[in-house]
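This briefing goes through a single structure by topic. Please look at the sequence and the model before reading on.

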Amino acid sequence: MHEALRALPSVDQLLIAPEGQALAQRHGRASATDALRSALATLRSAIRDGAPAPVAPAAHVLSAAEAALGSAALSPLRPVLNLTGTVLHTNLGRALLPEAAIVAATEAMRDPIALEFDLVTGARGERDAHLRGLLCALTGAEDATVVNNNAAAVLLALNTLGAGREAIVSRGELIEIGGAFRMPDIMARAGVQLREVGTTNRTHERDYRAALGPQTGLILKVHTSNYRIEGFTAEVVAGHLAALADEAGVALLNDLGSGSLVDLSRWGLRREPTVAEAVAEGAHVVTFSGDKLLGGPQAGFIVGRREAIAAINRNPMKRVLRLDKIRIAALEATLRLYLDPDRLPERLPVLAILSRPQADIVAAAAALLGPAREVLQASGIGVEVVACDSQVGSGALPTDLIPSAGLALTPPGDGAAPERLAARLRSGARPVIGRVQDGAVILDLRCLRAGDEPVLLAALGEAVR
Ligand SMILES: *Cc1c(COP(=O)(O)O)cnc(C)c1O
């Protein structure tokens, strides 16, 4: 054993070897030294524990260090293949942006832009002005502003319209969105007192009316985006709440959650209330997300009546929640696409993916079947084309399943084999994220971009190597 330990090379010797120099060149001298030292220590302790010494210890340590440096060099934020079937996957970054937005964001990063600068007069401008016109045109609102995300939009609107007073909200709409966004908690942080009315399944106009008083700051309506109450239910539509709010001299805040700028039923999806409809119903303020059905970067839009938006813009919190130039550029480019709704499906990835017909996905799966079987043959993993269901995700259209198709990978072995395969698929240079179901790893191909088939096949091959 002592002989084997004495035969080990030193870190300095390894660094002088051509392979060691190559490591230092690629990863930096400090990282290469650390990796070699740690690989050497691992080998030394293995030998002390009785493991046989490798025939070529230097080569062994160098290749262990190279493997460690290689995986450390992979960014945890590297692109993944989202084959979960959830199109707007919050944990995978939600909407894929349109090419126009990517170009605009890239230019804004590389070059100065007239963010708060009026190109006509040469005077100071306003960063929200670039989006205000588009938002008003697309929603019919009198005015609009934008903040970090919809959670921020709700917080800011609540604080502006109701701080120190009560917000009346139906018991059935006190939702938790996930990621710690709970309506009652947000209200407390906004300095607004929660006044629940009605019951979980039924709330009537008389319930709101009875709660109105001098202490009322606003009425809040929340789109129950991530669940649906069915059966014996009653809710008061926003139009009636707006009239009630006007009568009482308070504001109606309508949080749409996802919201949509166009009627999605045109492309075979279920109809969601559009932002324009919510505005037309008379809400003083309507809030919605930038990166849900709208298909842009993370943002929270606040549109509505002129005085309400002006008050929101005067709130010092607005400055805290403002957007940077990169996102404003991407949002402007995304919103612009909505001026030509006919061409949206070809330009807006979220819509293209959601409206992709099942037959198209079945064909893509069938074309992949042969090559996938070939790649996985030696591993004994079975591959089949299966029908499955995609969903929108991010709480949008929560109960709607969209017929889709994919590959089911069935690994041999015990009950934990599918989880192990899923983990290996996640660990590669291009992680593949599927879902484990009934003893198989299901790869829903709805979100696989045309042209990415070789990337998927390479990832499958890497996972079984
Ligand atoms: C998603 C959602 C939010 C939060 O929006 P983010 O853009 O994720 O911050 C708020 N309210 C409703 C109803 C939602 O669906």
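How many aromatic pairs does a search of the whole structure find? The search finds 1 aromatic pair, where rings of Phe, Tyr and Trp (its six-membered ring) pair if their centres lie within 6.5 Å. The model is predicted: local features need pLDDT of at least 70, side-chain atom pairs count only at pLDDT 80 or more, and totals for chains, interfaces and linings use all residues. Residues are numbered from 1 along each chain as its sequence is written, and side-chain values use heavy atoms, with hydrogens and water left out.

**The aromatic pair**

- The ring centres of F288 and F301 are 5.0 Å apart and the planes stand at 35 degrees, so the pair is classed as tilted; planes under 30 degrees apart would count as stacked and over 60 as edge-to-face.
- F288 belongs to strand β9 and F301 to strand β10, 13 residues apart, and the pair links distant parts of the chain. Helices (H or I, at least four residues) and strands (E, at least two) are DSSP runs, numbered from the N terminus.
- F288 and F301 are both buried, that is, under 20% relative accessible area with a 1.4 Å probe and protein chains only; exposed is over 50%, and partly exposed lies in between.

**The seven-stranded sheet**

- An open sheet of 7 strands runs in the order β2-β10-β9-β8-β7-β3-β6, with mixed pairing; two strands pair if DSSP finds at least two bridges between them.
- Its edge strands are β2 (143-147) and β6 (193-197), each of which pairs on one side only.
- On average, neighbouring strands of this sheet are turned by 25 degrees against each other, direction ignored. Axes are lines fitted to C-alpha atoms, for helices over the stretch in contact, and angles run from 0 to 180 degrees between N-to-C directions.
- Strands β8 (residues 251-257) and β9 (residues 285-289) are parallel and share 4 bridges, with G257 opposite F288 in β9.
- Strand β2 is antiparallel to β10 and joined to β10 by 5 bridges; V147 has G300 as its bridge partner in β10.
- Because 5 of the 5 residues of β2 are buried, this strand is largely enclosed by the rest of the structure. D143, T145 and V147 are buried on one side of β2, and A144 and V146 are buried on the other.
- Helix α7 (residues 129-139) lies across β2, β9 and β10 (300-304), at about 120 degrees to β2.
- Helix α13 (residues 306-314) also packs on the sheet, touching β2, β9 and β10, and its direction makes about 30 degrees with that of β2.

**Nonpolar cores**

- The largest nonpolar core has 58 residues, and V286, F288, V303 and L335 touch the most other members. Such a core is a set of buried Ala, Val, Leu, Ile, Met, Phe, Trp, Tyr and Cys residues joined through side-chain atoms within 4.5 Å.
- Helix α7 gives the most to this core, with 5 residues.
- Apart from this core lies another, of 29 residues, among them L220, I302, I309 and L321.
- Neighbours within four places in sequence aside, V286 is in contact with N254, L256, V275, A278, V279, F301, I302 and V303; contact means heavy atoms within 4.5 Å.

**A buried arginine**

- R127 sits in the loop between α6 (99-110) and α7 and is buried, with a relative accessible area of 12%.
- The side chains of R127 and E116 make a polar contact at 2.7 Å. A polar contact is a pair of N or O atoms within 3.5 Å; within protein, one must be able to donate a hydrogen and the other to accept it, and residues adjacent in sequence count only if both atoms are side-chain atoms.
- Not counting residues up to four places away in sequence, R127 touches L115, E116, R322, L323, D324 and I328.

- Strands β11 and β12 are joined by 9 bridges, and L409 in β12 is the bridge partner of V383.
- In helix α20 (residues 453-463), the buried residues are L456, L457, A459, L460, G461 and A463. They pack against β1 (81-82), α18 (358-376), β12, α19 (417-426), β13 (432-433) and β15 (440-444).
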